Every structure is written in C-alpha cells, then in structure tokens.
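Here is a short report to read alongside the sequence and the 3D view. Take a moment to turn the model around before reading on.

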Amino acid sequence: MLMAAEKGDITTIIGGIAPDWGPFGSLGNEARVMIEVVMAVAILLCLGIAIWGAAKQRIGATALRDTFSAEQGKGLIIAGLTGVFIIGSLGTLFTIVYGMAV
C-alpha cells in the first residue's frame with residue numbers, strides 16, 4: 001500500500017513555507033525579535049483600523065442612516081485588511097526580491 005504523504009508534524013509543513021529571512025539572515029536574534037515585534041504591533045494596529053471601520057459602517061448604515069459614514073467604514077475595512085496582508089507577507093516579499101537580486 002502506498003501512502004500519499006510521509007509521517008510528520010506541523011513544523012515540517014510550516015518550516016517548508018516559512019521564509020529564511022533572506023537579506024536579514026545575518027541579523028542577530030535580538031534584531032529578529034525586534035522586527036517581529038514591530039510587525040506584530042503594525043498588524044494589530046491594522047486589525048484595529050479594520051474593526052473600527054466595521055463599527056463605523058454598521059453604525060452609519062443602520063442607526064444614523066449616514067451613508068457617508070458607512071462608505072468611510074468600507075474604506076477603513078479595506079485599508080486595514082490590506083495592511084494586514086502586506087505586513088504579513090513582507091518576509092516572503094523580501095526573500096523573493098533578495099533571491100532575484102542574488
């Protein structure tokens with residue numbers, strides 16, 4: 001009987017797709033942690049913007065019947081989620097760009 005995949009755990013899967021820090025591979029451990037903290041704060045800030053936009057859209061569309069507020073809410077949701085996507089993929093983008101340059 002042939003199995004489709006060998007035995008492994010989640011670290012095998014995650015380790016295969018995680019970036020290897022590309023140009024930042026020579027940084028020390030403290031610098032990597034600092035970059036990760038800054039990125040985590042930025043992601044939380046973007047999620048906060050998206051949540052604020054959702055609340056603004058909900059309140060503007062139902063309670064106040066304010067279409068301008070609802071449209072602003074849509075823009076904040078899109079901006080917040082786009083920021084989360086961009087920040088979340090920065091490590092991969094840096095690795096790809098660095099790999100193309102080398």
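Predicted model: local features only at pLDDT ≥ 70, side-chain atom pairs only at ≥ 80, totals over all residues.

## I43 and its contacts

Setting aside neighbours within four places in sequence, I43 touches V84, I87 and G88. I43 itself sits in helix α2, while I87 is one of the buried residues of α3. The C-alpha atoms of I43 and I86 are 9.3 Å apart, although 43 residues separate the two along the chain.

Is I43 buried, exposed or partly exposed? Its relative accessibility is 24%, so I43 counts as partly exposed; the cut-off for buried is under 20%.

## The overall fold

How many helices and strands does the protein have? There are 4 helices and 0 strands, and from the N terminus the order of elements reads α-α-α-α.

Among contacts with a separation of 6 or more, 56% join residues 24 or more positions apart. Of the 102 residues in the protein, 12% are buried. The accessible surface totals about 8000 Å², and carbon and sulfur atoms account for 72% of that area.

Helix α3 covers residues 67–88, which makes 22 residues. From its first C-alpha to its last it reaches 32 Å, close to the 32 Å expected at 1.5 Å a residue. Its buried residues are S69, A70, G73, G80, G83 and I87. Why do the buried residues of α3 line one face of the helix? Looking down the axis of α3, they fall within an arc of 150°, so they share one face.

Which residues make the nonpolar surface patch of about 240 Å²? They are V33, V37 and V41. V33 belongs to helix α2, which spans residues 29–63. With a relative accessible area of 41%, V33 is partly exposed; residues must have over 30% to be part of a patch, so V33 qualifies on that count.

Note on methods
Residues numbered from 1 in each chain as written. Heavy atoms only, no water. Patch = residues over 30% accessible without salt bridge, like charges linked within 9 Å, V, L, I, M, F, W, Y side chains within 5 Å. Areas by Shrake-Rupley, 256 points an atom, 1.4 Å probe, with all protein chains shown as cover. Salt bridge = Lys/Arg side-chain N within 4 Å of Asp/Glu carboxyl O. Helix = DSSP H or I, 4+ residues; strand = E, 2+ residues; numbered from the N terminus. Buried < 20%, exposed > 50% of the residue type's maximum accessible area, 1.4 Å probe, protein only. Expected span 1.5 Å × (residues − 1). Arc of directions from axis to C-beta. Contact = heavy atoms within 4.5 Å.
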